[in-house]
Amino acid sequence: MSTNNQDEINNKIAYLQMIQEPINRTSTISAIFKGFAATIVAGIATLSYVDISLVVLGLSFLPVIAFCILDIYYLKIEKKYRYLFEKVAKNDVPVNFLMDINICENKKKEAHITNWDCIKSPSIYLFYPLMISILIIIFILKCCCKI
């Protein structure tokens with residue numbers, strides 16, 4: 001194998017590793033958001049047996065919804081980096097060490113990732129509706145049954 005060919009392979013590996021870092025960070029951030037949301041819901045569920053005001057209970061929806069929105073945003077970024085990674089691995093994008101995830105969007109329609117694509121991800125639609133449902137049930141029980 002020639003030195004030039006080996007340099008190209010090494011550059012490609014370095015570029016793919018460079019792209020992998022934001023993918024790892026965004027997936028870690030997503031897990032942290034889910035942990036915070038679950039902690040809030042568990043805390044509210046525990047506090048609901050104590051005399052807690054309905055205002056505080058109602059305000060507990062805001063951080064869970066905010067974490068959901070942020071999780072969708074970071075999942076969208078992660079999917080774009082995964083798309084860039086795939087294109088570089090298949091030699092569809094040159095090894096130029098650019099981290100611009102939008103360069104792929106201009107070339108092909110399939111790179112366009114929407115918020116709806118992220119909402120359809122099981123990591124979103126199986127987790128956050130359940131968390132919000134639990135909060136709604138606690139809110140209803142607190143209002144009607146005075147638990």
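**Notes on the predicted model**

1. Starting at the surface: V55 is exposed, at 60% relative accessible area (buried is under 20%, exposed over 50%, partly exposed in between, with a 1.4 Å probe and protein chains only). V55 sits in helix α2, residues 54-59 (helices are DSSP runs of H or I, at least four residues, numbered from the N terminus). Together with L59 and L62, V55 makes a nonpolar surface patch of about 310 Å² (patch residues have over 30% relative accessible area and no salt bridge, with nonpolar side chains joined within 5 Å).

2. A word on provenance. This is a predicted model, where local features need pLDDT of at least 70, side-chain atom pairs count only at pLDDT 80 or more, and totals for chains, interfaces and linings use all residues. Residues are numbered from 1 along each chain as its sequence is written, and side-chain values use heavy atoms, leaving out hydrogens and water.

3. Now the core. The largest nonpolar core has 20 residues, and I44, V64, I124, Y128 and L135 have the most contacts inside it (a core is a set of buried Ala, Val, Leu, Ile, Met, Phe, Trp, Tyr and Cys residues joined through side-chain atoms within 4.5 Å). Helices α1, α3 (61-89) and α7 (128-144) each supply at least two residues of this core, with the largest share, six residues, coming from α3.

4. On to charges: there are four salt bridges (a side-chain nitrogen of Lys or Arg within 4 Å of a carboxyl oxygen of Asp or Glu). The one I'd look at is K34 with D71, closest N and O atoms 2.5 Å apart. This pair links distant parts of the chain, K34 in α1 and D71 in α3, 37 residues apart. Both K34 and D71 are buried.

5. Another salt bridge joins R82 and E78 at 2.8 Å, N to O. These two are four residues apart in helix α3, so about one helical turn separates them. R82 is partly exposed at 44% relative accessibility, while E78 is buried at 8%. K87 and D92 also pair up, at 3.4 Å; K87 is buried at 6% and D92 partly exposed at 41%.

6. Last, the rings. The count is seven aromatic pairs (ring centres of Phe, Tyr or Trp, the latter by its six-membered ring, within 6.5 Å; planes under 30 degrees apart are stacked, over 60 edge-to-face, the rest tilted). Y73 and Y74 have centres 5.3 Å apart and planes at 80 degrees, so they are edge-to-face. Ring pairs link F33, F36, F67, Y73 and Y74 into a cluster.

Note on methods. Patches are made of residues with over 30% relative accessible area and no salt bridge: like charges are joined within 9 Å, nonpolar side chains (Val, Leu, Ile, Met, Phe, Trp, Tyr) within 5 Å. Accessible areas come from the Shrake-Rupley method with a 1.4 Å probe; for residues, only the protein chains shown count as cover.
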